[in-house]
Amino acid sequence: MTSTLLEEVPPPRLTPVAGVNEALQRRRARPGGRVYAALRWAGATIFAAVVVGLVVSLLTSSSQAFAHSGIGFFWSGTYSPSKDQYPTGVFIVGTLVTTAVAVALAVPIGIATAAFLSEVAPRWIATPLSIAVDLIAAVPSIVVGLWGLLVLSPAFAHHVEPFLKTVPVVEWLFHGTALGPSMLLAGVVLAVMILPTIVALSRAATASVDVADREAARALGGTRWQVIRTAVVPGARTGIEAAVFLAIGRAMGETIAVAMVIGNSYTIPHSLLSPGSTLGSAIINNFGEANPGLDRASVMGLVVVLLVITALVNVGGQLLLRSRTRTAGTRP
Amino acid sequence: MHLPVVTGPSRRGACGPRHHRRVRGSVPVLGLALAALLVASCSSTPAASKKNPPKATTTTVTTPSATSTTAAAPAATTTTAAHAATPTTANAATAAPAAHTAATLASACSTTGGALSATCDTQSPSLQLTGAGANSIQPFFARAFYYFNQADHGVSVNYSPAGSSVGVSDIEQNTVQFGDSEIPIKTPASGTGGNILQIPVDLGGVALSYDVPGLSGGLKLDGPTLAGIFLGKITTWNDPAIAALNPGTSLPSTKIVAVHRADSSGPGYDLDQYLIDTAGTAWTSSAAGSTPSTKWPITNVGVGEQLNTGVASFIQQTQGAIGYVEYAYALQASFTNAAIENQAGAFVTPSQTSIADAGAQASNLSGSNFNIIDGPGSATYPLANFSWTLLYQKQSNTTLGVVLGKLFDWVTTTGQDQAKALGYSPLPANVVTLAHQTLLQLESSSGKALFS
């Protein structure tokens, strides 16, 4: 029996075995606890200081841009540092569109993979497959970007995009020239990058659904698919939603991989095949040689906008999750 | 051409006087980390640190993500932690008079005159130099610094190709020993370390490469047509404007996809300058304006790709694409390049010879007079430029100043062979002289000339 357990046990009625009390006292007297507490405080303080410092330095370094353009910083104009114009609106649209494409692709695939891994797949498939998913998570974004640029981009230009233009109904999303670099390709690359997050977290969520729920569904004569649909996925819903919000955050903030495949055109896209630009890609393309002063402040302004949007998504997600948990808690 | 040494620089322990690097304000944490690294790597004795021979030239290939941080150059330094301490002595020398503890090797050079082939050069104090700047010169620098290290094992150079304006701002803030920029600083150039010397170190050109099926070569383009293409006004390859310049060539009706650099670039600046000079109001009345910019001005037409490599791979993949790349890159990728109309009205394709011709007509080059775009001469390629290395005139660390002087004297003379091998054109003789004369102005902190 470990000593932690001993501490939780109610006061013994019987006399403890000789030496146990002494051992417990020795344990409490060790200085390790105090050091640990100090470390905890130091860690928390440093973390808080880093966050506050980050926000303060971002705001101060971008203040010139907001002072110059006011609220107009958030939209229109051609990007032209020499004319003090920064089309933040174009970048926001690009960010939202590419993220939407990524989520639309990655969420169904991710949840299906997670359900397959935890419910259907025999162990000899599930183990290597989940290792493979984790491996994708470990691939640095520059590598995904290079793969998108050198492999996916020509494949999209010559095969995928021409094909999509021939699919009835959805082809209105895909008019224009098939170039390769496009909002679509950026969304696909982002989907690859957020897939592991969704799979890993959703799998943990589905695996933690109460066995009793599954058994109940099965007892009612449910097929395997019905069990997944009526018991597993609803039970894991909170976890899956958390996974999706994390994934959205990552998709919005991605820079280099997107910059390599999106085509970096500063226009409002009229089709998913148009080249476009996101906040992240615009930041990375313009920061390197932004001149000190308004030019650099404007790029920092883009950083602030990105931070605000991701923060909004995160807070929104938290609120949604909290309301769900509360509802779930009141359930009998 | 060699620079004899005048004053006797002294050998200083690699971890001698310490000095906290200037790290830009927004990243004090990085500064602390760097300081910790320095302390850690210097806590051993100088003798111990000598056990680590300097690495063969390390050229940090910075990913674009690194280029986006102001701290790119300091970050590059920390990648070679063991040597990170050495460059800081550059800024440290003012703190204390040179330590004469090991004043043997370099001072021996001073009495014999510091010719690079002389034995003393192979015994240069071991130094790791840090530089940052233009991306277009990266292939040349990587190769040149490697060969310099072969000739002089003591000196290794860490160059971060983060972009021209990073090179300028890093040298102005004295965080690197040298910067490099496709566009020099307007004279008089100065930074926190005083007057900045600007040395032309290579001669490159900008190729307009294309991939048009059914058009194998011989495409001719002039300023107004190029402007039309990059403004999105000329959209197919058989446009009348292109056909008029290429009589007898069968042009396909393929759509034109113009690709520009998404990041700032020297080649973009050069093409912008050429279009301002030759395309008239069609270009200058657009968003481009009449001041050339490293940031490509027309961002809503065609596709933007990162760095020379991104543009090159897009041209390779896309039928109907045309874009601008540093000639050395176009040569490596075996691209078909358009012949561009020069000032004399002739259409010239980029080549080492035609770019050398452009360089040859340069006279009185300086930080304010560096433009060799659209130069005279019927065989001159109109899109050529020099790349400029930026150094402080007053070198607070004499040892380092001497090494820097020798390094760039070598780069502009013997090292030009390496440029030639990569497709850059060798510097014309008058520019080599200019570089040499400029390097002779290097001074110690007390104002004494380092070379005679």
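Predicted model: local features only at pLDDT ≥ 70, side-chain atom pairs only at ≥ 80, totals over all residues.

Reader: How many helices and strands does the secondary structure of chain A come to, and how many has chain B?

Author: Helices (H or I, at least four residues) and strands (E, at least two) are DSSP runs, numbered from the N terminus. On that basis chain A has 13 helices and zero strands, whereas chain B has 18 helices and 15 strands.

Reader: What percentage of the residues in chain A is buried, and what percentage in chain B?

Author: A residue is buried if 20 or more other C-beta atoms lie within 10 Å of its own, exposed if 12 or fewer, and partly exposed in between, with C-beta atoms placed from the backbone. Of the 332 residues in chain A, 37% are buried, and of the 452 residues in chain B, 58% are buried.

Reader: Which residues of chain A have the most contacts inside the largest nonpolar core?

Author: A nonpolar core is a set of buried Ala, Val, Leu, Ile, Met, Phe, Trp, Tyr and Cys residues joined through C-beta atoms within 7 Å. The largest such core has 179 residues, and those with the most contacts inside it are V189(A), I194(A) and I198(A). Helix α7 of chain A, residues 183-207, supplies the largest share of this core, at 16 residues. Two residues are in contact if their C-beta atoms, placed from the backbone, lie within 7 Å. Neighbours within four places in sequence aside, the contacts of I198(A) include A106(A), G110(A), A243(A) and A247(A).

Reader: At what angle do helix α4 and helix α9 of chain A pack?

Author: Two packed helices are described by the angle between their axes and the distance between the axes. Axes are lines fitted to C-alpha atoms, for helices over the stretch in contact, and angles run from 0 to 180 degrees between N-to-C directions. Here helix α4 (residues 88-120) and helix α9 (residues 224-235) of chain A pack at about 110°, with their axes 12 Å apart. That makes α4(A) roughly perpendicular to α9(A), where angles under 35 degrees count as roughly parallel, over 145 as roughly antiparallel, 65 to 115 as roughly perpendicular and the rest as oblique. The contact is made by A115(A), E119(A) and V120(A) of α4(A) with R224(A), I228(A), V232(A) and V233(A) of α9(A). By class, this contact has five nonpolar, no polar and two charged residues; Ala, Val, Leu, Ile, Met, Phe, Trp, Tyr, Cys and Pro count as nonpolar, Asp, Glu, Lys and Arg as charged, and the others, Gly among them, as polar.

Reader: Where is V206(B) placed in chain B?

Author: V206(B) is in strand β5 (residues 194-211) of chain B, and V206(B) counts as buried because it has 30 C-beta neighbours inside 10 Å. V206(B) and A330(B) are 124 residues apart in sequence and 8.7 Å apart in space, C-alpha to C-alpha.

Reader: Which value does the phi of N264(A) take, and which that of D374(B)?

Author: Most residues other than glycine have a negative phi, and most peptide bonds are trans. In N264(A), however, phi is positive, near 45°, and D374(B), also not a glycine, has a positive phi of about 55°. N264(A) lies in the loop between α11 (256-261) and α12 (279-287) of chain A, and N264(A) counts as buried because it has 31 C-beta neighbours inside 10 Å. D374(B) is in the loop between α15 (352-360) and β13 (384-392) of chain B, and D374(B) counts as buried with 24 C-beta neighbours inside 10 Å.

Terms used. Residues numbered from 1 in each chain as written. Chains lettered and ligands numbered in written order.
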